[in-house]
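Student: Please walk me through this model, one feature at a time.

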Amino acid sequence: MASNYVVPRIAVVGLGLIGCSWVKGLRDRAAVATVVGYDRNLDSMQEALRVGLIDDFSTDIQQVVRDADLVILSVPILSMRQVLSDLKPALNDKTVLTDVGSVKGSVAADVGEVLGFGFSRFVLGHPIAGSEKSGVAAADGNLYVRHKVILTPEEHTSPDAVALVRAAWEVVGADIEEMTVEHHDEVLAATSHLPHLLAYSLVDTLANSHENKEIFNYAAGGFRDFTRIAASSPVMWRDIFSANKGQILKTLDLFSHDLAFLRHAIEQDDTTTVMGVLTRAKVARDHFSKILARRAYVDPMKTATVNYIASPSGALSGSFRVPGDKSISHRSIMLGSLANGTTEVTGFLEGEDSLATLQAFRDMGVVIEGPHRGRVTIHGVGLNGLQTPPNTLYLGNSGTSMRLLAGLMAGQTFDVEMSGDESLSKRPMGRVADPLRLMGAQVETAEGGRPPMKVFGANKLSGIHYDLPMASAQVKSCVLLAGLYAEGETSVTEPAPTRDHTERMLKGFGYDVQVEGSTVRIKSGGELTATNIDVPSDISSAAFFMVGASIAKGSDITLEHVGINPTRIGVINILKAMGGNIEVLNEREVGGEPVADIRIRSAQLKGIHIPEDQVPLAIDEFPALFIAAACAEGETVLTGAEELRVKESDRIQAMVDGLVALGVDAKGTEDGAIIQGMGAEGRFAGGDIVTHHDHRIAMSFAMASLRGSAPIRILDCANVATSFPGFVELSNSAGLSIEQKEG
Ligand SMILES: O=C(O)C1=C[C@@H](OP(=O)(O)O)[C@@H](O)[C@H](O)C1
Ligand SMILES: C=C(OP(=O)(O)O)C(=O)O
């Protein structure tokens, strides 16, 4: 009769916490019929029988193993060979064996020696779970739920045997990963074996010192945290250190080298180098903590889903400041890193896009302190001071990071690969690869000119004149930044004015840039000198509230310290042309950028044909402007805005689809849209909005709720954090009603 058990009969050899917890998990889930146990210690076997973990035991290992479908070997690693020899005579030709040891290479060798090289029914395994407790009494049937178990099948391992072991792990809730024996031992040497070795060694050193009493009297905090794992089983760890000797020595040598480097820096009072080590380590550790806290033991690349429920709400009010300008924040890191001296930045946007740029420069050896409440200190390395990054530069969702970096990377002596998230991986990079190749750079992209993008170093660049095929500040900036490294002059002519932060900021760092009409020129050979940067609030983030206050009756808000660079104020011009009530107050200049406070009161907007010359000046603000158009009296027509189709999403399609879902008459055209306004009394219907993970689509529809008639559910809003951390909190304090739901 066929049984429904995952494994009918199990023999567990070694009744420790790891093996017993697995067996308990299987028993709790009725996945095994009979379990027979063996341990060197009779008490353990008796206890396991008493608590019902095993059905029988024997002091004869062969009797235990005979007729088992699966033998679980949970014994110290250096005992493995003896145990295998002892049980071998009782194995039939169907029994599958597996182990749970922390080193796989030595077990593979033991299996080969004893059972024969090519033995196909031993599946090497390693559950990444544990507990300070030990033994039968501590067995926990849920120990492996959502924990990783690594299996390292070899070429000769039978797929049926792997399937059986996999099934027996999966049924107790484990997430299975497969890798090679060598890779397992290398990874574990670094992530587990070295930390244990250091903890044991530190405690031993301090315990042997003359002041040991003093030390242990005050050994709270750091000492306790760092050395907790030195209380683990010495036998087990002695075995691991010797079984994985090669890999452990390799990581230990690397660590010793880096420790000597840090020692030297401290001795030499080289505080910048020390700061570099500490800031890089802190960022890495914070990153791990987030992964562990939010998504323990699961793929860190799969970020949590965040949806917004935006309920109808009344007017907006108050005087407040939105976060720092994204474009300026990116450039402050880039130019500050390449400058000579230390650049202090305040008002830095702590959004994921600008943080991706910051991390990229840290990866290239730049010491950057912060951000802490918008304050960043960059220890510039000079135009030629960047170092080869250890890995691919991961730029998340940020087009600006990848396109501007492409220009800078073309001038380096080392090769760099750049990648991004799903959205960035779909965006066109040919537009920067083309001019860079004309300058002599060697650039590779994936199919269709998409990321990942590889820029090869050590290619001599020559200055070119480039007529931009589209109005794009990113392409303009990329070519100008490559021009810092190109022989002779580099110039760019743009078809329409686009944001000019690169030109302004280069000048701010003391670099000569010539601007004549629509052409910008730059020559190599200069240097950047560190400066201080006060980042104004981002007009692109302010735009959501400008639209929100305009459409919500009775609103009156003031947005403080907003950047009003003339190449960015399309949104103000367009809203005013639609009848918006907007006042620009307290105009002043801060670090080369014009800044003002902006007061917005509600007004009945009217539909217009948006002047095409305003399109590049409001390029990121159209999602919000579509909401304004939907609330206007009459028709709004947008043309000349085909660039919107290649942003974080196809913003024309995403906005039109969303508006239609909320009952608005809107349709997309090749280069824009036609929207019929709902008029003074019109309200959005409730509904679901697909944002395509685009931050600006999400925030725009949040503003629509100010004129909603029912809740609007906005899906996949996690990327709001790329440009506007704290959006929901700030919005709700201004009068919106957004509930955030994590899924
Ligand atoms: O240079 C910049 O900082 C940016 C330029 C614009 O992109 P394009 O150059 O692709 O228009 C804009 O959409 C982006 O958010 C930021
Ligand atoms: C287009 C945008 O950014 P990026 O191109 O940097 O991804 C944006 O923030 O709207």
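Tutor: Start with domains, whose bounds come from an automatic or database domain assignment. This is a predicted model: local features need pLDDT of at least 70, side-chain atom pairs count only at pLDDT 80 or more, and totals for chains, interfaces and linings use all residues. Residues are numbered from 1 along each chain as its sequence is written, while chains are lettered from A and ligands numbered from 1 in the order in which they are written.

Student: Into which domains is the protein divided?

Tutor: The division gives domain 1 (7-179), domain 2 (189-269), domain 3 (329-534) and domain 4 (539-742). Taken over C-alpha atoms, the centres of domain 2 and domain 4 are 55 Å apart.

Student: Between which domains does ligand 2 lie?

Tutor: Look at who supplies the shell. Domain 3 and domain 4 both give residues to the shell around ligand 2, so this ligand lies between them. A residue belongs to the surroundings if its C-beta atom, placed from the backbone, lies within 6 Å of the molecule. Around ligand 2 these are D353, S398, G399, T400, D620, K647, E648, R696 and S723.

Student: How many nonpolar, polar and charged residues does the shell around ligand 2 have?

Tutor: First the classes: Ala, Val, Leu, Ile, Met, Phe, Trp, Tyr, Cys and Pro count as nonpolar, Asp, Glu, Lys and Arg as charged, and the others, Gly among them, as polar. The shell around ligand 2 has no nonpolar residue, four polar and five charged.

Student: And which residues are around ligand 1?

Tutor: They are S327, T400, S472, A473, Q474, S477, R499, I619, D620 and E643. By class, that shell has two nonpolar, five polar and three charged residues. Domain 3 and domain 4 both contribute to the shell around ligand 1, so ligand 1 lies between them.

Student: From which helix does the largest share of that shell come?

Tutor: Helices (H or I, at least four residues) and strands (E, at least two) are DSSP runs, numbered from the N terminus. Helix 17 (residues 473-483) gives the largest share around ligand 1, three residues.

Student: How many residues of helix 17 are buried?

Tutor: Count C-beta atoms, placed from the backbone: a residue is buried if 20 or more others lie within 10 Å of its own, exposed if 12 or fewer, and partly exposed in between. In helix 17, eleven of eleven residues are buried. They pack against helix 15 (399-409), helix 16 (430-438), strand 19 (465-467), strand 20 (489-493), helix 18 (501-508) and strand 22 (519-523).

Student: Which residues does the "binding site" annotation cover?

Tutor: UniProt positions follow the numbering used here, feature names are shortened, and annotations may be inferred rather than shown by experiment. The UniProt annotation, from an unreviewed entry, covers K326, G399, R427, Q474, R651 and R696. Take two of these. Q474 lies in helix 17. Q474 counts as buried because it has 22 C-beta neighbours inside 10 Å. Contact is the next tool: two residues touch in this sense if their C-beta atoms, placed from the backbone, lie within 7 Å. Leaving aside neighbours within four places in sequence, Q474 is in contact with G399, T400, R403 and L404.

Student: Is K326 buried or exposed?

Tutor: K326 has 23 C-beta neighbours inside 10 Å, so K326 counts as buried. K326 lies in helix 13 (residues 326-338). Its contacts beyond four places in sequence are L349, G351, D353, S354, D538, S540 and S723.

Student: Now sheets. In what order do the four strands of the open sheet run?

Tutor: Two strands pair if DSSP finds at least two bridges between them. Here the order is 15-16-18-17, with mixed pairing. Strand 15 (393-394) and strand 17 (442-446) are the edge strands, each pairing on one side only. Strand 15 and strand 16 run parallel, joined by two bridges. Strand 16 (residues 416-419) and strand 18 (residues 450-456) run antiparallel, joined by three bridges; E417 stands opposite K454 there.

Student: Why is strand 24 largely enclosed?

Tutor: Six of the eight residues of strand 24 (residues 556-563) are buried, so the rest of the structure largely encloses this strand. Four bridges join strand 24 to strand 11 (residues 317-320), running parallel. Six bridges join strand 24 to strand 26 (residues 593-601), running antiparallel. T558 has R599 as its bridge partner in strand 26.
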